[in-house]
Structure formats: structure tokens, C-alpha cells
Amino acid sequence: MLETDRNVEELWPPQVEALNSGLTEDENFLVVSGAGTGKTLLAELAMVDRSLKQRGCSVFLVPFKPLAREKQESFESSLSGDLQLNVTCSVGDDQVPPRELFGSDVAILTYEKFSYYLRNYSEESNDQIHTVVVDEFQMLGDETRGPTLEIVISKILHSHDDTKLVGLSATASNGGEIAEWIDGEYVDCRGWRPNPLYEGIHAVRDGETTFYYDGTRQETHDERTQSLVDNNDRYDAIANYLHNNSVDNQQILVFAPTRNDAEEAAGEIRDLIEGYPRSYNFEIDDTATDELKQRIKRASRDGGQTLDNLAKCAKWGTAFYHAGLDPEIRSIVEEGFKNGVVRLLASTSNLGAGINLPVDRVFVLHPRFGGSKYGTQMSTADYKNLAGRAGRPSSSRRGESILFAEDFRKEQQLKNTYVLGELESIESQVEITSDLSLMLDLIREYRTPTNIHSFLQDTFIAHRKGIDEKQTREAVDFAADKLRQHGMIDEAGDGLTLTGLGKETSKNLVEPETVATVRSYLESVRNEAKIDTSDLLTVLCGTPEFRHRRLYTSQRNLSTGVSELTNEYGLQSLSDREVAKSRISARVVADWLSGDSIETAFERYSISDTRSAADVYQRLAPEMSRVLGTVLRILEASDSDLYDAVSDVSTLVTQLRHGVDREGIPFFDAGIVEGRSELRELRNKLDIEAVAEIADLDFQKLDKRMKTRNAVQVKRRAVNAVYEGREAARRDVLLDVHERGLSEGRFERLLNSDTSEFENTAVSLLEYVDEMFVEPADESGRTEEPECRVKIRQPDGTYLETSNNETMEIGFECKSKEGLEGKVATSDATAIVTKAPETTVQLTVATPGFTEGTDDALVDNDVAGMTAVGFAAFVARAINGDLSANDYRTLLEDKGIVELSTIRSVVDD
């Protein structure tokens, strides 16, 4: 199967070694092998083998949401075909029921999402999961995600004895120690690659690049054949490489410390290619790059200078990539690079984890993350992970990485630190004495210090450094004091008992301090007629979740007037500067919700150019929505009085999710728009503010103003949002009529008339159906006749037969309530049985509807029934020629009330 479906003719040495060392046995396992050496295939083999041996779910964990989506697409291709394994994914705000999620064969989650499920559905996860694969295992040492990952793994080790754990890492140098911790086997194949990696240091003083392979100096090249970029030796070296290797269409990654650096690098090379006398020498495909440019412009939510620059870069075969871009934009850029349209991709480390791209050479502009003032130096492991991305697994051609040195001293430092340097050991990032969220979770699950201590013995920090009972007791006591101040814990007997607030907080991925701070503020304003949005958002931005999301400003008076707000907002743990940054961030978001563009707000508050619009609509506002929504759910479950008093704040949660004012929310709830820019465009086109205005707007005017958009769909959704019951259905069906280009007058009469006018209109509509032969009733002296009898002609001239091979003759009866007051009684609905007993099908149409219990009576008497609204939908489709022979049989032989939804599903689907 590997050979036929995956073009795998033979396994690579790391894969062979892992399989021979017990990857598919029951023991836990760690694979340490470089980028592009087939670790994912090993994970698939382990998951498939486990699935063949026992029923259950394999969970595949990744650090980032984009990586989760990429793995979902990959696994659906590789595992859902002949293997027929069901693959699901849950990240971000996805709420997949645990039985459904873990009932699949493979479930892909981020570390944090899996932590949420373990906190809330430990029983389901324990019963259904048989394998957990941790991708990017070296993230255990990451300051941000490491603690969550370590506790997740520790819970598997402590409470899931039958669950197999598989770790995948490119840079875990202390793999043996980690394997001991997880009580498993491991292989370390970092010395093997499918193609050689040459690590180079480019001396900017003379243009020479010295390459090292396997720690040994191999060769020196003069790579500056001509000066292409003035006053920047790094860009000059990049441009020369791109120019000199155009024939082979080689592609390069440029890793930059900051977003601005990435944008500048892509822009400089773009300017060079655009202005070069013979730009075709760079082998740029004009047609493909122009299409990429247009895709980026179409996908741009609110435009802005950043996306304009990206589109311009794409036209000349360059691009940049960082967290400030919308996920859809990043996906387009990735696809452009994978397809060879983009020759140069300048990226921050955001691209470093797991995303597989075809790269020939990697340039590292500066071995650090962030700016020169506040940034941090890359570790050796960080560098090796980036450099290891060079080289295409499908090619034997070598991969190359380049560092830049200004002088001989710097060259030696780079060589010793990065090229020849030893990888740092992975260290635990768990802080048991200060992590209140961790302790709250453990107190809920294990209750006593003794039980908590027992759990902590299965953590990596305990394996490395040891944790004695005294340390555990001190950590628990410290946390208990803090949590008691927050109203989250009570003491009970020899254990610790959480209050309702504490229990609900422990189930969610939000800091206890955040819940306490927001709750305290809401308590202080619960009696106010209106809660100030900017104040509430300031409080929110001052909580721990926003430590790295607050916006920076160059305004010198940043902290003026802040001191008096600190106590008012309950942000005593923050410096005046951080409170001020929280206030500025809140004001930017509040102005954006009110309709200002983010660029306008940035200019108003002098926001640093290290931040982009996407930092607001993609990171800051969604996190505000998530955290505030989580706090409200916690309060709803634990403090209903306070929640009821401030429940209107839930509107702000929705505003933050969509980036709109309060009046814009109904447009999203109705499904009329999906984005802020789409809402703005719709409002401007129609000159309206509310959904009700669309529902009542003359359709001809609506259609004319909408132009390129589906006016019928928009009006239908507006109608169903504004109106209820029969009136919503009546307006909805008239849209069906309009959509088919039919005259609305007869249908309006049908829906608005009663008695004889209703009967005559219904029969006249049947007569408009080409294939229907309508025989009016002979009422001369007879009172027990139906309105008419109907047969349906087929293309060959014969009449349609029922499923019993009898000619389908329909006895058609109309019943109405005078003035459309009340509903048609059961006896009237079934009168057709005595009026047309000889017909093979009896159909009663009633307006405005049937009384309760009529459906059962119709079924008992083998009669089909339709309301006037349902009949209008049916006959409109019949007049338009939409019904097949089987559609007629399905609808008319189905006894009982034939609902509008049934008619639509049978005919339209």
C-alpha cells in the first residue's frame, strides 16, 4: 500500500530503526529525527497498527492551529481512502462532542484543546483513546506552551495506563532522559537526512561563503558575482543566489527576526526583480504570479498597506509570512510557495514549526527572535530546526543554510554557537509554586496534597529535579491562599473543596486571576444602566491572557492619568505602563467595533509599526471574545444573579468575534454576511442599518442594488430572521416563485384568499403546469365532488403511474377557513376520501393550516395534505419543470402532511 498509494519504494533508515526498536509495540516511544525525515509516516504507521489491534481513537497533538489543519488534510488523504479511517479535527472555538471526537479513528487537536477535553471529559477520553501522538515534542521546553503539554503528557502517564504515547521531535537532544520519563523506548537519528545539509556562514565583508558539512569545513564560495542591492550586503547575497539559480527554479526561505524585517526583505527583492533590466532572468511566471496577486487581493478582509505590499510582492515572485497575516492569506502564500510561483519567502519563526515546504536554501538574517532591543537570541536547537528545513526530501540535491557574519570574530561565534554547537537539553517549564491554573486543575481532580503530590511525581520536572512532599505542600498552600482570595476554594475536612466559581474556572482554559479580575469589575458595575465598553475591555486587556497581545504606542504621555485607574480596574499587579497599554489596546478595539478602520485607530493612538491590522482582528479581538465569553459562561454556571445582571455583555462577545457594532450582529446571526467588510459593503449598497429593512424592502429595488450578490438568498435569510410562523413561510415561498421567474400575483392571491377564490386560484395554478391534465369537477347537481381530478403526462404521452403500476389520478380538494381565521378541521381534511374514492391519490390543500392531530388522521385515511404555503412551493416547482416522476411519487404517495421542508429537500436537493 505504501508503494502504490504513497510512492514509498523503501523506508528510510530512521523509519527502519524506529520500527525495529518497537514503535508498533505497546510501550511508549520517542522518535528524534530531523525535519523531512519521515516522522509523520511513522506516526501514521503507529496509529494504524494500534487501530488494527483494538478499537479506539488515536489523538494527534500539534502546537498550532494551522499545523492542525494541514495534518487534517494530509491524514484525510492518506488514511481515509483504502484504510477507511475517520479523521476529525478540533481547534480554537470548535465544539465537537467528546463522544463524536474520540469516537473517530484519528482526532487532531492542539495541546490546549486536548487539555480542555481532559479537564472536562476525562472519562470519555480514558475510555476511547488508545494512542496519543505528540508532534513537535521539543515544545515541552517552550515557555508558553510547554507547561500545558507537560501536564497533558503527565495525565496520560498517571491515569491512562492503556494509552500508548508516541513523541516526535527534530531537536530533542536529551531523548534518553525523556524516554525514561515516559517509560518508553526511543531512537535518535538526528545524524541522518535524505540529502546532505551544508551549513554556511556568509562573510559580508568580502562576499565569501564558507560551508560546513557534518561539522567539518568543506568549501568556500565567492557568492557576490555582482552588486544587485545597494547598501545591504545580506539582501545582495540573497538576490545573487536567486538570480544565479533561476534556471533550476530554486526556492529560498529567509528567516527574519521581526515582521517588519520579513516585509522589508521580500519588498527589497521584489523591487530588484521589478526594476532589473532583464527581469525574466529571475524565471518569474508572469501569469501565475498575477493570479497569486489577485487571490491575495480577493481574500483581503479590510485591505491595508500590509496586504497591498504583499500583493505587490506576489506579482514578482516574492512574499512574506508572519502571524500578522490572516490565516486564509497565509494559506494562499504557502500554496504559492509549494507550487513554485513564489521563489522567495521571507518569514518570521511563525513558519518554523511543522509546515512542510520545498526549500533549497535557508537564509537566517539574524539569529534572534524579535527586535534588537527586546528580542532574544536563538538557541542552537532553534537554529538547527530552521536550517533543517533546507533540502527537498524528493531530491538528492543538497540543502543549504546561511548565516551572516560582519567580521571574523562574528564568524567564529556563529560557527561555534550554531554550526558546531551542541543542542540544548529540553527543560521543564512547569512552575508549581506560581501556576494558579495548574493548581486549580489539580485541586479539582485530586483534592488532597497527598494525591496532588502523587500526580506531580509523573511530571517531567519531578523526573529531572525531584519534588518532595514539602515542596508540594508549600505550593498547594500558596495556591490555596490565592484561590481563596479569589473566592474559588473552601477547605473541607482533610481535603480542599472548590466553590462553584472555582470548579467552573478549573474546567476552562482561562487564568483564575483573569476570572477574578473581570468578575470583580462586573460586580462593581452591575447596577449601572450601561457598562462602558472601553472600560470593560481595558480590564480584560489587563489580565494575564493579554500579556503578549497588548498594543504598543509611541505616545510619550502613555502613563498620564493611569495611576488612579489601577485600583478602579483591579489591575494592581500591573505597572502603570502596562495598564496604559491595556487602555490603548481597548480603545483601538472599541473604535474598530464602532466602525473605524484599524489603520485609522492605529494612527489616532500612534500604535507601533511592529503591529498590524491582523493583530487586532485575528489575535486581540478573538482572544477578547474567547476570554470574556468564557468568564460569562463560568458566571452563568456559578453566580447566576451576577450573570443575569450583566448578561447584556454577551452582546459584546459577539461584537468582538465579528468586529461590528451592536446593530450589525443580527446580520451575522441571520447568515446574511460572514465578515465585517461584507457587512459594510451591504449597508452602503442598500442604504440600510437593520435586517428588518431588507425583509421589507421591495424585491426589485433589492435585486437592482445587490448586483453581483444573490438577492434572493439575502432576502430569504432576512425574512426568516424577522418573521415567524406562517408569515415567514408565506414570504419565503414567494421568493421561491420569484427565483423561478414566475408571476407572483396568482401565488399572492392563493396565500391571501379563502373559500371560492382560494379554490379557483389553486385549480388555475395546476392548469399552468404543462404536464398536468386537469379535469374540473362536474358540479351540475352534485355537491360531493372534489375541486378537480389531475393526471400527469409523461414525455412519451402516457400518464404517470404510481409505484403500484396504476395510473396516478389525483383527487384534489381545497379547504379554507373564512377570513383565514383558525385552522381546517380533521373531518374536512379527510372529506376527499368520500368525494373521490376511485382516485389512486387524494390530496387536500388547506389554508391557513390544519388543526392538531390532522396528520395522524390523514395517514390513517391514506390522504396527502399540504398547507397553502406548501402547495405554492410544490406547484411553483411543477410549473418550472423541476419535478421528476419520482419526485411526484415521493411527494403525493407520502401520506400525511407534506411539509414545506420535505418538498424542498425532495425536489431541490
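Predicted model: local features only at pLDDT ≥ 70, side-chain atom pairs only at ≥ 80, totals over all residues.
**View 1. Packing of helix 18 against helix 20.** Helix 18 (residues 449–456) meets helix 20 (residues 469–485) at an angle of about 120°, and their axes lie 9 Å apart. The crossing of helix 18 past helix 20 is right-handed. Helix 18 contributes Pro449, Ile452, His453 and Leu456 to the contact, while helix 20 contributes Glu469, Thr472, Arg473 and Val476. Sorted by class, this contact comprises four nonpolar, two polar and two charged residues.

**View 2. The second largest pocket.** The pocket holds about 670 Å³ of space. Its lining consists of 24 residues, of which Arg190, Gly191, Leu197, Glu199 and Lys384 are the closest to the centre. Strand 8 (197–203) and helix 15 (380–387) each provide at least two lining residues; helix 15 gives the most, with three. The lining includes ten nonpolar, eight polar and six charged residues.

**View 3. The largest cavity.** Three cavities of 30 Å³ or more are found in the whole structure, and the largest contains about 60 Å³ of space. Leu766, Met772, Val790, Ile810, Phe812, Leu843, Phe871, Phe874 and Leu892 form its lining. At least two of the lining residues come from each of strand 22 (809–816) and helix 41 (868–879). By class, the lining has nine nonpolar residues, no polar and no charged ones.

**View 4. The second largest cavity.**

Key: Residues numbered from 1 in each chain as written. Heavy atoms only, no water. Axes fitted to C-alpha atoms, helices over the stretch in contact; angles between N-to-C directions. Helix = DSSP H or I, 4+ residues; strand = E, 2+ residues; numbered from the N terminus. Left-handed = near helix turned anticlockwise from the far one by under 90°. Contact = heavy atoms within 4.5 Å. Nonpolar A, V, L, I, M, F, W, Y, C, P; charged D, E, K, R; others polar. 1 Å grid on protein atoms, 1.4 Å probe; cavity = no way out; pocket = protein on both sides within 12 Å on 5 of 7 lines; lining within 4 Å. Points joined across faces, edges and corners; volume = space filled by probe spheres on them.
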